[in-house]
Amino acid sequence: MVLSPISFRFAAPMDPHVAGSGTTRRSSRPEWVLLHKSARISGHRNATTAECHTTEGEPIQASFWLVDPPGVSYFSVHCPGLDGKDFADEPHILCADASLVLFSVDFVPVPGRTFRDPGRRCTQRFVYRAGPGKPSLHLIPDPDIVRPNGVSALLHCGDAGSEHYAVVFLHRRSILGDKARYYDLHVFSSVTRAWSSKGALPGLSEDDQKLLVKAGHATYKVIKVGASSLGYVDLSWGIILVCDIFSECPFIKYIFLPASRVCNVDRDGDPYVVPEYCCDVSSCNNLIKFVEVEFDDRDRRSLGNQVDPRYSDLLPQLWNDKTKELELKKLLFYTPRLSKDDDDFLYVMSKLNSEDDKAWVISVDMKHAAVEAIAPYSTKGRSLVVWHCPCAFPKYLELTPEFELNQLFVKCAWT
């Protein structure tokens, strides 16, 4: 699977040909980015590059290629001596918090390589830390669980200048003959370099258990709530909130998502539109934010808003000769994402047709019902259900102005 080469520039202001001349959010370095969840296998390096070693002692490097939203940023992974056939799948972002990014790498099983699933893949997890100091990369050992069943997440520990973190694994444990769900908490500390565990977290009510047994819980994303709580989000039902993770007695709450005012089910009660295409949840300043998009035409997932004519060069197909305006309703919308900041901005992937390889990421100011910026994006061979992770780590990078001004474009291709 190969994508056409795409040019990248590190920490540079957004270009007019990328975002349209109407954008107002420019910076010499992004405060946060929309980071594509899948990595490129590439040996290109820049000032973000950090390296460590795999479980087998092989060197591994990670680098980031960043632009302002709504442009899509990327990361690349390189293992000297290995190429694409040595990876069972593309390296993948799991979670991000403050200066940290947690990602996994799936290697193909070979003699001498440690793996839990014989004949399938060897999954290793790494934490990238942008600061303080020089960027660094850390291998995370697996928790001591015979059959892991859960999702890994990440928590930054201490103040903004702290280098410490915790990797959290919420393991769902089943008991033969018991339909109830039991959750064990496993926490890896960057200070001790060891895992600790707490079994059967309390807090779920009988009604919560009944819902989880009936509907299940498919974690779509993990959000940080406050300093020491994590929310495991199922966009169809609600959030499993693990509270006070660093305390002696962590516990669980179940939070139902707001009752939808948009009819997204058919006559049989089955989902008409997958929730990932119309909903998102995020957290900022200890508050949980929920957004749901009501489409003018749910068969096409279209919206009827007008677009500033200054974007006509990017989207000439939207031009209406009669009204002399660009019409957003001609686009098919995917996966809305809330801003990382405490504002009213929404970022939406869109296409003219589902078969198109070319897409656009559109930044929408929900408060003023206006399109703020547009950036092109190639979707060839890519899934649009889970395509990016909002990350705030760029603001923790300690880079010289000289580097930021002189960083060159590089060519990177999917392999």
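This is a predicted model: local features need pLDDT of at least 70, side-chain atom pairs count only at pLDDT 80 or more; totals for chains, interfaces and linings use all residues.

Me: Where in the chain is P250 found?

Reply: P250 sits in the loop between β17 (238-243) and β18 (251-256).

Me: Which residues does P250 touch, leaving out those up to four places away in sequence?

Reply: P250 touches L185, K198, L201, P202, C243, D244 and I245. Take K198 from that list: P250 and K198 are 52 residues apart in sequence, while their C-alpha atoms are 8.2 Å apart in space.

Me: Now another loop residue. Is N46 buried or exposed?

Reply: N46 counts as buried, because its relative accessibility is 11% and the cut-off is under 20%. N46 lies in the loop between β3 (40-41) and β4 (50-53).

Me: What lies 2.9 Å from a polar atom of the N46 side chain?

Reply: The backbone oxygen of F64 lies at that distance from the N46 side chain.

Me: How should I read a nonpolar core?

Reply: In soluble globular proteins, nonpolar side chains tend to be buried together. Here the largest nonpolar core has 31 residues, and F103, Y128, L137 and F393 touch the most other members. At least two residues of this core come from each of β2 (33-36), β4, β5 (59-65), β6 (72-78), β7 (92-97), β8 (100-107), β9 (122-129) and β28 (388-391).

Me: Which strand gives the most to this core?

Reply: β8 does, with 4 residues.

Me: How do I read a sheet?

Reply: Read the order of the strands, then their direction.

Me: How many bridges join β9 to β10?

Reply: There are 5 bridges between these antiparallel strands. Y128 stands opposite L137 in β10. Y128 and L137 are also among the residues that touch the most other members of the largest nonpolar core.

Me: How should I read a salt bridge?

Reply: Side chains of opposite charge can pair when their charged atoms come close. This structure holds 8 salt bridges. One of them joins D97 and K224, whose closest N and O atoms are 3.1 Å apart.

Me: Why does the pair of D97 and K224 tie together parts that are 127 residues apart in sequence?

Reply: D97 lies in strand β7 and K224 in strand β15 (residues 221-225), so the pair links parts with that separation in the chain. D97 counts as buried at 9% relative accessibility, whereas K224 is partly exposed at 27%.

Me: Which side chain meets that of E51 in a salt bridge?

Reply: The side chain of R45 does, at 3.3 Å from N to O. E51 is partly exposed, with a relative accessible area of 44%. R45 is partly exposed as well, at 45%.

Me: Which side chain meets that of D83 in a salt bridge?

Reply: That of K85, with N and O 2.8 Å apart. D83 is partly exposed at 34% relative accessibility. K85 has a relative accessible area of 63%, so K85 is exposed, the cut-off being over 50%.

How values were computed:
Residues are numbered from 1 along each chain as its sequence is written. Side-chain values use heavy atoms; hydrogens and water are left out. Buried means under 20% relative accessible area, exposed over 50%, partly exposed in between (1.4 Å probe, protein chains only). A polar contact is a pair of N or O atoms within 3.5 Å; within protein, one must be able to donate a hydrogen and the other to accept it, and residues adjacent in sequence count only if both atoms are side-chain atoms. A nonpolar core is a set of buried Ala, Val, Leu, Ile, Met, Phe, Trp, Tyr and Cys residues joined through side-chain atoms within 4.5 Å. A salt bridge is a side-chain nitrogen of Lys or Arg within 4 Å of a carboxyl oxygen of Asp or Glu. Two strands pair if DSSP finds at least two bridges between them. Contact means heavy atoms within 4.5 Å.
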